[in-house]
Amino acid sequence: MPTPSHPTLPAAQPTPRRLQLGCGQHLQLWLPAGSQLLCQAPLLRITEATYWQLDRLVSRQTRLEDGECLVLEREGWVGILAPQGGELLCLATPQPPWYAPWAKVLRRLGDWRNVLLPSRAR
């Protein structure tokens with residue numbers, strides 16, 4: 001719950017990135033889970049990050065045609081192949097800063113300090 005001393009920040013929005021791909025070009029990108037890929041090419045072949053399923057290492061492969069969108073289920077290295085060239089719009093979900101969990105803990109400690117040690121009446 002936001003308070004005057006602890007205002008909430010607006011939620012971070014995905015950062016759009018346009019990737020121009022030449023004919024036959026293959027690109028490897030590290031993308032977080034939840035990222036959206038929008039095809040603006042005749043055809044793109046997307047190979048998602050590999051993961052373990054039981055005792056096998058697997059990877060989902062998807063064909064995207066012009067105007068189609070794919071949302072990535074897991075983070076990792078994603079392969080993008082453009083047989084005929086074209087453009088890919090990538091909306092990567094923003095990652096919280098490394099200190100975000102600590103900031104939350106410190107904020108809660110500060111709240112408890114206010115409960116345990118109320119300020120003296122003036």
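Helices (H or I, at least four residues) and strands (E, at least two) are DSSP runs, numbered from the N terminus. The structure is a predicted model, in which local features need pLDDT of at least 70, side-chain atom pairs count only at pLDDT 80 or more, and totals for chains, interfaces and linings use all residues. Residues are numbered from 1 along each chain as its sequence is written, and side-chain values use heavy atoms, without hydrogens or water.

Trp98 lies in the loop between strand S10 (86-92) and helix H1 (100-116). Trp98 is exposed, with a relative accessible area of 73%; exposed means over 50%, buried under 20%, and partly exposed in between (1.4 Å probe, protein chains only).

Glu48 also sits in a loop, between strand S4 (43-47) and strand S5 (51-53). Glu48 is buried, at 4% relative accessible area. Its side chain makes a polar contact of 2.6 Å with that of Arg60. Such a contact is a pair of N or O atoms within 3.5 Å; within protein, one must be able to donate a hydrogen and the other to accept it, and residues adjacent in sequence count only if both atoms are side-chain atoms. Beyond neighbours within four places in sequence, Glu48 is in contact (heavy atoms within 4.5 Å) with residues including Leu70, Leu72 and Trp77.

Strand S9 (residues 76-82) is mostly covered, with five of its seven residues buried. S9 pairs (at least two DSSP bridges) with S4, antiparallel, over three bridges. Strand S2 (residues 25-31) is joined to S9 by seven bridges, also antiparallel. Ile80 in S9 stands opposite Leu27. Ile80 also stands opposite Ile46.
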